[in-house]
Amino acid sequence: MKILAIDSSGIVASAAVVEDDNLLGEYTINHKKTHSQTLLPMIDQVVRMLELDLHTIDAIAVAAGPGSFTGLRIGSATAKGLGLALDKPLIHIPTVDGLAYNLAGSSAYVCPLMDARRSQVYTGLYRFQGYRMDAVIGQCAVGIDEIVAQINMHGQAVTFLGDGVRVSEPYISQHCKVPYTFAPAHLNKQRASAVAVLAMDDVRRGKIQTAAEHRPEYLRLSQAERERMEAQHDGA
């Protein structure tokens, strides 16, 4: 089985091709360019370097949210466009699940932290039995105080990762009561290869959707939507 995966849900853009248990190629970049500038050229570069006929892939996996509203829309539009053009199914992988799976096999609990602004993080809490991942707390948008309180309640060592670590580290250092570590640089941001591996199981279970059916999962309203609702409320 061959999966093309993309993740543009956060500050990192990533594209990968995984075939069965082999990572054939991955292009991940964390730079100041927008995903609209980087994502398609990255996919094209991976495809060229692998001399890959895209018609030979079995499915397209996409980190489908939560995350940056603009990034998710770019990723979803790219996945939908490829799915329609190639007549391939899509696999919707929750962004926080994909980030957590970077640390597959960890003996500690895993807590992804994505900066959601407005004093919140996109997060969850996961544990592994071998390479099988179970969600102790499914992905959610909460304050860092809430997820740290949950971690303290569970009483297990934890590893944090994600772009929210930097802004959350001062709070964690003061309030986390269990042993904790931070993931190293090569594992602490989104990687499309993790999205692809998770997608393998979904394909085997028939958990797929058509390109037309796919929708991002935002978890929160966008700023424009919040402002519109506030203006409607003030004008009522």
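1. Aromatic rings of Phe, Tyr and Trp are taken as a pair if their centres lie within 6.5 Å; on that basis, ring pairs join Phe 160, Tyr 180 and Phe 182 into a cluster. The model is a predicted one, and the structure contains five aromatic pairs.

2. Among these pairs is that of Phe 69 and Tyr 218, whose ring centres are 5.1 Å apart and whose planes meet at 25°, so the pair is stacked. Phe 69 belongs to helix 2 (residues 69-86), whereas Tyr 218 sits in the loop between helix 6 (192-204) and helix 7 (223-235), so the pair ties together parts that are 149 residues apart in sequence. Phe 69 counts as buried, at 15% relative accessibility, while Tyr 218, with a relative accessible area of 21%, is partly exposed.

3. Leaving aside residues up to four places away in sequence, Ala 64 touches Leu 72, His 92, Ile 93, Thr 95, His 214, Pro 216 and Glu 217. From Tyr 131, by contrast, Ala 64 is separated by 67 residues in sequence and by 22 Å in space, C-alpha to C-alpha.

Definitions and conventions. Residues numbered from 1 in each chain as written. Predicted model: local features only at pLDDT ≥ 70, side-chain atom pairs only at ≥ 80, totals over all residues. Heavy atoms only, no water. Phe/Tyr/Trp six-rings, centres within 6.5 Å; stacked < 30°, edge-to-face > 60°. Helix = DSSP H or I, 4+ residues; strand = E, 2+ residues; numbered from the N terminus. Buried < 20%, exposed > 50% of the residue type's maximum accessible area, 1.4 Å probe, protein only. Contact = heavy atoms within 4.5 Å.
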